[in-house]
Amino acid sequence: MRIPVGFEEFLTARLPALLRFATALVGDPHRAEDVVQDVLIRAQGRWRRISAMDAPEAYLKRMIINEYLSWRRRRSSQEVPAAEGLLDAAIEPEDDPARRYEQRDALWSGMAVLPPRQRAVLALRYYEGMSTAEIADILGCSETTVRSHASRALAELRLDSGGDLELQGDTAKGELR
């Protein structure tokens with residue numbers, strides 16, 4: 001894929017993907033838009049340096065994660081409501097729509113109470129389809145830490161769902177089902 005040179009060209013090509021990633025990370029499309037907007041305002045002033053990097057989109061995703069983590073620290077309340085109907089377009093229909101909604105709601109409810117770093121690891125692994133090494137690079141930690149966060153987060157999600165949660169990562173499509 002050719003990396004767009006100008007800031008506007010990059011946004012035209014990649015803004016929807018950045019918003020989807022932020023929505024998966026934050027759990028609320030409106031707050032995700034705020035996080036992405038704050039990041040893009042800062043990135044626009046530094047775009048010449050950012051666009052010269054090998055992976056400007058990965059750098060922006062790291063900025064989104066950092067903004068989300070700092071936003072969480074600034075919040076006086078730890079409440080993160082799970083929005084109804086979130087990411088409908090990213091979830092493929094199944095035979096029984098009621099079961100799909102039940103699983104999705106359980107997943108988003110569980111994700112909302114996870115610590116921010118565990119949530120970031122799951123969003124990068126199952127939504128973006130990244131490897132452990134790529135996640136460690138983006139989060140600036142070791143691969144062992146990434147695996148530990150993922151393991152603890154998945155154990156918590158399974159515990160909350162009574163072991164009934166089916167989480168499948170399709171790394172080719174980067175989908176969360």
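**Close-up views of a predicted helical model**

View 1. The model is predicted, so local features need pLDDT of at least 70 and side-chain atom pairs count only at pLDDT 80 or more, while totals for chains, interfaces and linings use all residues. Residues are numbered from 1 along each chain as its sequence is written, and side-chain values use heavy atoms, with hydrogens and water left out. Arg42 lies in helix α2 and is partly exposed, with a relative accessible area of 32%; here buried means under 20% relative accessible area, exposed over 50%, and partly exposed in between, with a 1.4 Å probe and protein chains only. Leaving aside neighbours within four places in sequence, Arg42 is in contact with Met63 and Glu67, a contact being heavy atoms within 4.5 Å. Arg42 and Met63 are 21 residues apart in sequence, and their C-alpha atoms are 9.4 Å apart in space.

**View 2. The whole chain, for orientation.** The protein has 8 helices and 2 strands, taken as DSSP runs numbered from the N terminus (helices are H or I, at least four residues; strands are E, at least two). From the N terminus on, the elements run α-α-α-α-α-α-α-α-β-β. Of the 177 residues in the protein, 44% are buried. Among contacts with a separation of 6 or more, 63% come from residues 24 or more positions apart.

View 3. Glu57 is found in helix α4, which spans residues 56–74, and at 15% relative accessibility Glu57 counts as buried. The side chains of Glu57 and Arg14 are joined by a polar contact of 2.8 Å. Not counting residues up to four places away in sequence, Glu57 touches Phe10, Arg14, Ala17 and Leu18. Lys61 is also found in helix α4 and counts as buried at 7% relative accessibility. With residues up to four places away again not counted, Lys61 touches Leu18, Phe21, Glu128 and Met130.

**View 4. Helix α1 against helix α2.** The axes of α1 (residues 7–26) and α2 (residues 29–45) come within 9 Å and cross at roughly 140°, the axes being lines fitted to C-alpha atoms, for helices over the stretch in contact, with angles from 0 to 180 degrees between N-to-C directions. That angle makes α1 oblique to α2, because angles under 35 degrees count as roughly parallel, over 145 as roughly antiparallel, 65 to 115 as roughly perpendicular and the rest as oblique. On the α1 side the contact includes Phe7, Leu11, Leu15 and Leu18, and on the α2 side it includes Pro29, Ala32, Val36 and Leu40. The crossing of α1 and α2 is right-handed; a crossing is right-handed if the near helix is turned clockwise from the far one by less than a right angle, and left-handed if anticlockwise.

View 5. Helix α6 covers residues 116–127, and its 12 residues reach 15 Å from the first C-alpha to the last, close to the 16 Å expected at 1.5 Å a residue, the expected span being 1.5 Å times one less than the number of residues. Because 10 of the 12 residues of α6 are buried, the helix is largely enclosed by the rest of the structure. The buried residues include Ala120, Val121, Leu124 and Tyr127. After α6 comes Gly129, whose phi is positive, near 70°.

View 6. The contact is made by Arg20, Phe21, Ala24, Leu25 and Val26 of α1 and by Arg119, Ala120, Ala123, Leu124 and Tyr127 of α6. The crossing of α1 and α6 is right-handed. Helices α6 and α7 (residues 132–139) pack at an angle of about 135°, with their axes 10 Å apart, and are therefore oblique to each other. Here the contact is made by Arg117, Ala120, Val121, Leu124 and Arg125 of α6 and by Thr132, Ile135, Ile138 and Leu139 of α7. The crossing of α6 and α7 is right-handed.

Notes: Polar contact = N/O pair within 3.5 Å; in protein donor to acceptor, adjacent residues only side chain to side chain.
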